[in-house]
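Thanks for coming, everyone. Let me put the structure up, and then I'll walk you through it.

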Amino acid sequence: MKPHPLDNPVWSSLCSRHIDLAQIRGSAGRYPADVAPFVAIDPTLPIVSDDLEALVAPAESVLFVGPAPRLPPPWQVDVPVQIAQMTCTNAIAAGDDAGPEIVELSTAQVHDMLTLTALVYPHYFRPRTIAMGRYIGIYEGDRLIAMAGERMGMDRYQEISAVCTHPEFLGRGFAQRLVARINNDAIAQGRQPFLHVSHQNTRAVALYQRLGYAWRADLPLTSVTRIA
């Protein structure tokens, strides 16, 4: 049976929407380090650790979302953590449109995006993550206080990611408005939205369920470090 593209979302994305960003070596692939920390393997090919070693710098840590190979030294492999993959099939209500304006974010706002994500979404957002898709946000004055955007993507699927709100502005419906905008635009383009969330982030899980997202699968999130 052909695997579902969302079972190995990093590889599926590198081989489709993000082929121009992909760094591929044999059975392994990755995003550039300044774009995202994700690596993946091609499940149809024999796993050769040398392929991954050629893509990852010494002392660099990277993440598998889904299938991960058994890696010998010089790799340190952390215990995988199960994360929830959720999908949505319908447009969702945008919430209070009378709130602050939603603006499109560009490379000119990367500093603002890195500042916000460093507070509530560390490690995953990088200087060129914005190359993965469209990002939108809400400002108060010159401070970015909420954002969301597109990350992994395939022909029929679009990941929603970097959903974060400054801690001083929680509970004002900003996340709902931003997710609704990205979600509904993806559906209008014929793509099914999906996202990944930690089971421990109960606030986010509850929000996504309220908006109409449903659990699809648990995927292992595995951090590996090339020791030498």
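Start with α3: its buried residues pack against β7 (102-105), β8, β9 and β10. A quick caution before I go on: this is a predicted model.

So which residues of α3 are buried? They are V110, M113, L116 and T117. Look down the axis of α3 and these buried residues fall within an arc of 130 degrees, so they line one face of the helix. Now turn to the other side of α3. There, H111, A118 and L119 are exposed.

Next, the cores. In soluble globular proteins, nonpolar side chains tend to be buried together. Here the largest nonpolar core has 27 residues. Which of its residues touch the most other members? V179, V197, Y208 and Y213 do. At least two residues each come from β6 (81-87), β8, β9 (143-153), β10 (157-165), α4 (174-188), β11 (192-198) and α5 (202-211). The largest share belongs to α4, which gives six residues.

Take Y208 on its own for a moment. Set aside the neighbours within four places in sequence. What is Y208 in contact with then? The list is M86, V163, V179, L195, V197 and Y213.

Go to P73 and P74. A cis peptide bond joins the two, with omega at about 15 degrees. Where does P74 sit? In the loop between β4 (61-65) and β5 (75-77).

Then A59. This residue is not a glycine, yet its phi is positive, about 75 degrees. A59 lies in the loop between α2 (49-55) and β4. Is A59 buried or exposed? Exposed, because its relative accessibility is 61% and the cut-off for exposed is over 50%.

Last stop, H123. Here again phi is positive in a residue other than glycine, near 80 degrees. H123 is in the loop between α3 (110-120) and β8 (135-140). Its relative accessible area is 42%, so H123 counts as partly exposed.

Terms used:
Residues numbered from 1 in each chain as written. Predicted model: local features only at pLDDT ≥ 70, side-chain atom pairs only at ≥ 80, totals over all residues. Heavy atoms only, no water. Helix = DSSP H or I, 4+ residues; strand = E, 2+ residues; numbered from the N terminus. Buried < 20%, exposed > 50% of the residue type's maximum accessible area, 1.4 Å probe, protein only. Core = buried A, V, L, I, M, F, W, Y, C linked by side-chain atoms within 4.5 Å. Contact = heavy atoms within 4.5 Å. Arc of directions from axis to C-beta.
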